[in-house]
Every structure is written in C-alpha cells, then in structure tokens.
Amino acid sequence: MRSAIVISAGGPVRRGLPAFPDDALVIAADGGALEAERLGMRIDRLVGDLDSAPADVVARLDADGVPIERYPPDKDASDLELALEAAVREGAERILVLGGDGGRLDHLLGGAFLLGSARWAGVEIDAVLGAALIHVVRGERAMRGEVGELVSLFAVGGPASGVTSTGLRWRLDDDTLLPGSTLGLSNLFVETDASIGIRDGVVLAIRPGNGSL
C-alpha cells in the first residue's frame, strides 16, 4: 500500500503523529512547507499557488530539484485539495494529512469536509489538525486510544446508515447518523481498542486531544 503525507498550513501540529512508513511520499500544500520543516520532514513535492510559502523556501526547494506544481491564485480548488489530488495521482492508497487548527474557521471546516469527499473513496485517510486526530471512516475502521478519551462521530456528505461501534461508552448498533446531528458528539473510549463500522456513507471520527505535543 503506497502512503503519502500531505502537510497543509494553518499553524502547528500539537499531538504525536500516527505511525507511518519512512518512504511515504511527502507533499507540502503551499505554506505547509514551513510546518514540514518544523517537523523535520523532507519535502518530495510542493503544490499550490505559493502565496504563503516564503520565497526563500520555494527557491531552496527548487534548487534542490524538488518538483513544484504552481497554480494561479484564481483557482477552483484549495491548496490542500490540489495536494490530495497529487497524492492520489501518484498512487497513494493511504494518506495522512497534517496541519494546524488555527487561522480561518472556513478553511478549517472546508478542509475537514474535503477529507470525506467521494473522490477519495478508495483511499484510507487520517488527519492531525492541531491537537485533533481525525479518521475518515468508510466501511470499517479500528481505533486505538486511551480509556476516557473523547471521540465524536459526524456524518458528512449525506446520512451514514448501519453505523455500529465497539469499545465506546455509548454504543451505536445499526444506527443512522445524519449530517447536522449531534447524536455522535462526545463519546468516550471505554476500551483501548474501538471500532466503527458503516454500511453506507462516510463518518468523520474526531478525537479532539488535549493540545499537548
């Protein structure tokens, strides 16, 4: 399974990162190049309109032979969306998105909703945004956490039906989650191993964390 790490802007990552292969393709979405450098990650590709990546960083990557996909400012997709497209185009079947939770709320929400797009239906996606860890659940996903850890479940893109959970305090059993519903808000791990299964639809399982790195 080919893996990719997509790093976006918006502030620092503030929690430990999930285990990921050392040979994963690393794509920086514009200003995400700064976060990649802060995290000590190499950059294999830079994507975006380059309005937030410092000119000296862009010049250095260019001089090092890093491929740069430049887009005009008046584009129809965010830098994160373009970076995800690049990862899928390169054959990624598993993607970890890294970025901050600061900046504009519309960017944060748009990025979270983007993760659940049907375009990535064949890709396993997780994201660390600030202190939060997000799992995109299609079919079934396993989660390992600490007893008492918070996790919220939100349907995106339409109803999620046949939702069943294990290892959580408030168990779902062939239930339906609707977009805009808070039925899945503030659940808790009661076991270190939990799982979410869905018959149809997409759910974001959001673990807000405590803000520590």
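1. Asp30 sits in the loop that links β2 (25-29) to α1. In this predicted model, Asp30 adopts a positive phi of about 50°, although it is not a glycine. Asp30 is also buried: its relative accessible area is 0%. Check the backbone here against the structure above.

2. Ser186 is another non-glycine residue with a positive phi, here about 60°. The loop that holds Ser186 runs between β11 (175-177) and β12 (187-188). Buried or partly exposed, which is Ser186? Ser186 counts as partly exposed, at 35% relative accessibility.

3. Next, helix α2. This helix spans residues 55-63, and its buried residues include Val57, Val58 and Leu61. These three lie on the same side of α2, because they cover an arc of only 100° around the axis.

4. Val57, Val58 and Leu61, by contrast, are buried.

5. What covers the buried residues of α2? The cover includes helix α1 (32-38). It also includes two strands, β3 (45-48) and β4 (68-70). View α2 with these elements displayed together.

6. Gly65 comes just after the helix and takes a positive phi of about 85°.

Conventions:
Residues are numbered from 1 along each chain as its sequence is written. This is a predicted model: local features need pLDDT of at least 70, side-chain atom pairs count only at pLDDT 80 or more; totals for chains, interfaces and linings use all residues. Side-chain values use heavy atoms; hydrogens and water are left out. Buried means under 20% relative accessible area, exposed over 50%, partly exposed in between (1.4 Å probe, protein chains only). Helices (H or I, at least four residues) and strands (E, at least two) are DSSP runs, numbered from the N terminus. The arc is that of the directions from the helix axis to the C-beta atoms. Contact means heavy atoms within 4.5 Å.
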